[in-house]
Amino acid sequence: MNIITMISRVLIAVAALLWCLPTAATDNSALNVEEIVHRANLIAYYQGKDGRAEVQMTITDQQGRERERRMIILRRDDADSDALAAHAYLSAQQYYVYFQRPADLNRTVFMVWKQLDSEDDRWLYLPSLDLVRRIAATDKRNSFVGSDFYYEDVSGRQLDLDEHALITETEQYYVLRSTPKQADQVEFDWYVSHVHKSTFIPVQISYYRNDPNKPEGHKYREATVLQVETIQGRPTVTRARMQSLDAGTETVMSYRRVEYDVGLPADIFSERHLRSAPRQYLR
Amino acid sequence: MSYPSMLDKLAHRSTAFALRRAGLISLSLLLSTLLLVALAALPSLWPQQFPGLHALSIDTDPENMLAADEPVRQFHDQATADFAIHDLLVIGIINRSDPDGVFNPASLARIHALSEYAVGLSYPATADGSGARQTERVIGVDILSPGNVDDIRQDGPGQVTFSWLMPEPPDTRKQARAVRERALRIPMLAGTMLGRDHSTLALYLPLSSKTISWNVRRDLLAFVADWPADDELHITGLPVAEDTFGVEMFYQMAISAPLAMLVIFLLMWWFFGHLLLVISPMIVALVSALSTMALLIISGNTIHIMSSMIPIFIMPIAVLDAVHILSAAFDSHHQHETRADTMQAVMTELFRPMLFTTLTTSAGFASLALTPIPPVQVFGIFVAIGVLLAWLFSITFIPAYFMLIPEQRLQSFGHATSAGNDRGSWLVRSMQLCARLATTQHRLIMLAALLMLLLSVWGISRIQINDNPIKWFESSHLIRVADQVLNDQLAGTYMAYLQIEADASDDLPALRQQLINALKQQAQDMPASDAAVMQAAMQVIRSEPADELNDWYQAIQQQLSDQADHSDQPLLWEDAWQLVDRSRALQESFKQPAMLAWQLQLQQALQASEQVGKINALTDIVQTVYRELLGGDDSAYRLPESSAAVAQTLLTYQNSHRPQDLWHFVTPDFRRSNLWVQLNSGDNRDMEQVIASLERFLQSHPPPQPVSAKWFGLTYINVVWQDKMVHGMLLAFLGSFLIVLLMMSLLFRSLLWGLLAMLPLTLTVALIYAVIGFIGKDYDMPVAVLSALSLGLAVDFAIHLLTRTRQFYRQHGSWAKTVPQVFGEPARAISRNIIVLGAGFLPLLAAPLVPYQTVGIFIAAIIFAAGMITLLLLPAVIQALQRPLFDRLSRRQEDST
């Protein structure tokens with residue numbers, strides 16, 4: 001075992017300890033990049049054993065026209081722990097996205113089994129066609145139901161797909177630059193995240209492409225957290241925006257009635273439950 | 001004092017002044033020209049230093065043939081913004097030698113690189129662009145290329161997959177062929193991106209402004225410079241044609257106009273044999289054209305396709321007067337003692353006809369200001385100004401210049417009537433022949449003219465009104481070649497768009513009642529506590545004032561939504577919300593299967609026209625995705641059966657990489673649908689046929705609900721402005737004709753003489769347009785504009801001939817004695833003008849731009865026709881109508897004395 005791995009292990013242990021303490025008191029100065037990205041990943045996608053939220057999605061196009069969608073998102077982690085230590089929190093997940101509004105999408109369901117080491121599985125249930133279809137995407141960077149969010153923004157991008165580097169620290173933020181290991185798999189050349197130092201919420205993520213005319217790159221996409229609330233003691237993003245800067249469109253997702261540790265049974269995330277929605281968990 | 005003698009006095013005085021102050025006049029001409037050019041050039045070269053002055057601004061956009069507030073343009077702007085549609089540059093790559101065409105790994109790799117390169121192209125916005133944008137660019141997100149479009153297909157049973165059609169260039173031939181096979185399954189791509197056979201692949205680059213088309217084309221051509229010859233690259237599309245025409249037009253101006261001047265100069269030198277002297281008409285023409293263009297810039301007008309032709313119009317007209325003066329001086333110099341005597345005599349004789357021609361010509365052009373087409377107005381006014389300037393310079397500078405030449409150097413100048421001067425003799429002899437013909441065969445000549453007129457009516461009736469900016473290039477031009485090749489391989493490179501708007505229901509009270517009834521029905525089977533919620537929801541609906549449909553629904557749904565979020569019976573409120581939303585969704589016309597089925601019929605009807613290569617529309621997206629949802633079998637290519645099924649099909653589509661593509665074809669309220677029509681011809685005539693076939697369809701196939709259909713897109717706009725132009729120019733020409741007739745009648749103080757003066761013009765125009773009708777040349781923009789030029793040229797000859805006839809008749813009192821004199825110096829001046837100008841503009845035939853060729857051939861034809869008619873028909877008619885014509889003249893003479 002080399003020195004660096006040893007140090008990082010120690011740091012993880014320390015950090016895990018600190019995690020239990022009130023966040024404001026955390027001394028993060030010794031954190032390394034891997035720590036930061038895992039904490040941010042946990043905060044953004046893995047809090048609690050499961051979670052439920054009602055999401056109001058507002059898609060605004062370049063002409064300022066708005067479209068509204070409302071859905072209930074159920075999430076369940078395979079892991080029982082939220083511990084950072086040994087990445088215990090990190091596990092496969094299931095998502096169940098149940099559309100409420102508009103009326104002609106009512107009862108439409110989008111279900112995802114997110115895998116850690118294989119391709120995700122995605123299903124779409126279209127009630128008016130009474131049709132369940134698996135939606136295989138060769139990549140995860142296509143639109144999530146017509147919004148500016150990508151499917152990968154909603155379910156989270158695997159951390160080890162990118163090289164992460166801490167480029168600077170401000171009073172409030174760690175500023176990270178992440179570069180894809182397989183550049184041909186994604187449309188960005190790198191992205192820059194501002195991770196809040198005390199909550200580890202990635203408050204802003206900006207996506208860049210190389211531009212021969214601009215050494216600083218061409219920023220074409222940006223996610224911004226607009227509101228954070230503490231729910232069941234967990235800092236939770238309740239309003240987030242994604243802008244497609246080239247297309248001039250943006251989507252805001254507002255989360256209502258967020259709840260953690262609902263006790264969602266694993267079997268509701270099944271093909272059978274696409275047609276007959278688990279009503280008691282969707283109220 | 002009567003005006004003829006006043007004119008004679010004016011002629012005498014102005015000439016005396018010019019002769020006395022030759023140096024002053026030359027100097028002031030030089031200074032005024034320099035001043036005007038400086039005022040125009042300085043702010044153009046250094047805009048920062050001269051903020052108060054107008055800089056040169058160039059506008060080559062044919063769209064601006066229509067005023068910016070023209071409804072069709074406003075709608076075009078609105079619709080292109082609503083559907084986020086941009087002008088498209090069409091790039092076709094053709095490989096005819098590879099067995100797989102362009103679908104081989106190497107070609108696809110090159111195409112991929114080209115597409116990646118094109119995504120990043122951007123240019124600084126032009127200085128005069130009023131838009132807020134700093135740069136204009138290729139709209140990367142909307143590019144259509146194999147690497148940028150989605151493929152939707154089956155990926156195992158019950159599995160639909162979205163992926164980039166060609167995320168990376170393939171490695172093997174098999175993979176390369178598969179790209180085409182996959183794309184063929186997508187109706188939106190077949191014909192649009194894929195050629196008829198595997199040889200061709202097309203990319204579509206949307207531009208934020210068509211003003212960068214030329215730059216984009218240049219850079220793309222540079223990028224592919226090292227491509228092997230087997231991969232041919234073709235670039236076309238109306239934006240690039242229009243922009244390229246604008247650029248090449250200015251190069252052409254710089255080549256053609258000086259070349260025409262050079263030929264005119266050489267011909268004059270040959271005629272008058274005096275190098276120094278024939279420079280003066282060149283100076284007048286140059287100074288008139290320069291000053292006019294400078295005034296145009298100083299007054300803040302843009303240089304447009306039309307106004308760029310101003311110099312070409314002014315120059316021949318300016319040369320006319322100068323040639324008349326020089327010709328008269330040439331013929332009479334030997335009779336006079338000094339150069340001053342010669343000039344004084346010449347100017348006294350020519351002052352009146354030159355003034356008359358100038359007044360009528362400029363009035364004729366000025367009347368173009370009455371057309372509803374802004375560039376034509378500017379053109380007419382400034383040509384009128386230029387003609388006046390040319391006259392002013394001719395009557396002052398030419399005599400002054402004559403005086404500046406030392407007497408002894410004029411020794412050689414002049415035409416002696418005695419035999420031995422071979423340079424003039426053939427001209428003299430042919431004019432004598434003309435005179436004999438006109439007086440002895442006048443009946444035959446008039447009969448021939450009448451026959452020609454009748455023939456012309458037939459020819460004119462065969463004229464085809466048509467235009468196509470691509471055809472402004474010669475058939476060997478690269479853009480023209482690209483146009484031909486790509487329209488053969490692809491569905492079409494000319495874009496027109498058809499918006500179909502469903503009329504919003506305006507019967508809000510009825511909708512309200514339906515909603516309340518539906519809620520009542522739900523409430524019936526509910527326990528009282530639940531029914532109370534429905535009652536409350538009904539109250540919300542009742543109390544919301546019914547103004548505008550969308551606002552009304554939104555206001556109601558907002559209230560119901562708030563109740564659902566905050567009351568203790570959220571599910572019941574949500575039920576009410578859903579009920580209202582289903583009612584609202586019925587207003588989303590283009591989610592209704594019946595409406596989509598009707599639109600599909602409409603598409604099929606339009607597609608029956610051979611000009612329509614393809615239509616891309618919402619129906620294609622819905623049917624394609626629906627087919628894949630149902631398993632991908634061809635038989636499943638159809639419309640879903642309910643509006644919710646349509647909505648869910650589209651939701652599936654929106655999980656792709658390019659969800660925004662949907663909004664090119666329908667507005668988010670699903671009330672307006674847009675059909676992207678690819679035409680394989682940009683001829684206005686063809687677009688008009690498509691418009692007509694739409695009208696027929698709408699007549700015979702009433703839609704399920706009332707709609708209004710409106711066209712937009714460049715191909716359609718061209719039809720509109722051409723229509724305006726043709727009718728506008730026709731009216732303007734008739735107006736100019738009447739004004740010239742009126743002025744001639746006033747100046748000659750006789751309607752009969754006035755009508756006589758119009759004869760050459762009338763017959764010339766009739767003949768020219770008859771020829772256009774017979775040979776099948778399209779009556780297009782340049783042809784329409786050029787009818788105005790005949791005003792300036794044909795009237796000039798007639799006025800000179802008639803004025804001189806009247807002058808000589810006054811001296812002799814006999815037509816028989818007048819004839820030889822008229823066919824002396826005046827007829828020779830006209831002939832010289834015919835030869836100088838007719839031949840002078842023939843170099844334009846070598847220009848690579850068709851409108852320039854048209855101008856060249858037109859000027860020559862107008863001049864030859866008008867000249868011949870003036871020299872033959874006018875004397876013949878005078879011969880026949882001697883009594884009424886000269887009776888009027890002598891009566892008048894007696895009056896004025």
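I started with one residue pair: I93(B) has L201(B) as its bridge partner in strand 6 of chain B. Before going on, I noted that this is a predicted model, where local features need pLDDT of at least 70, side-chain atom pairs count only at pLDDT 80 or more, and totals for chains, interfaces and linings use all residues. Residues are numbered from 1 along each chain as its sequence is written, while chains are lettered from A and ligands numbered from 1 in the order in which they are written.

I then looked at the strands themselves (DSSP runs of E, at least two residues, numbered from the N terminus; helices are runs of H or I, at least four). Strand 1 (residues 87-95) of chain B runs antiparallel to strand 6 of chain B, and eight bridges join them. Strands count as paired if DSSP finds at least two bridges between them. The open sheet has three strands in the order 6-1-7 (chain B), paired antiparallel. Strand 6 (200-207) and strand 7 (231-236) of chain B are the edges; each has a single partner strand, so one side of each has no neighbour in the sheet. From one strand to the next, the twist averages 20°.

**Two helices crossing**

Next I checked helix 8 (residues 275-298) and helix 11 (residues 374-404) of chain B, whose axes come within 9 Å and cross at roughly 145°. Axes here are lines fitted to C-alpha atoms, for helices over the stretch in contact, with angles from 0 to 180 degrees between N-to-C directions. Among the residues making the contact are S280(B) and V287(B) of helix 8 of chain B, and F382(B) and Y401(B) of helix 11 of chain B. Contact means C-beta atoms, placed from the backbone, within 7 Å. Nonpolar covers Ala, Val, Leu, Ile, Met, Phe, Trp, Tyr, Cys and Pro; charged is Asp, Glu, Lys and Arg; the others, Gly among them, are polar.

**Where chain B touches chain A**

How many residues does each chain put into the contact? I got 36 from chain B and 33 from chain A. Helix 21 of chain B gives the most to chain B's side, with seven residues. That side has 15 nonpolar, 16 polar and five charged residues.

**Chain B overall**

Last, I stepped back: chain B has 29 helices and 13 strands. Its C-alpha atoms fill a box of roughly 120 × 65 × 60 Å along the principal axes.

Note on methods:
Contact = placed C-beta atoms within 7 Å.
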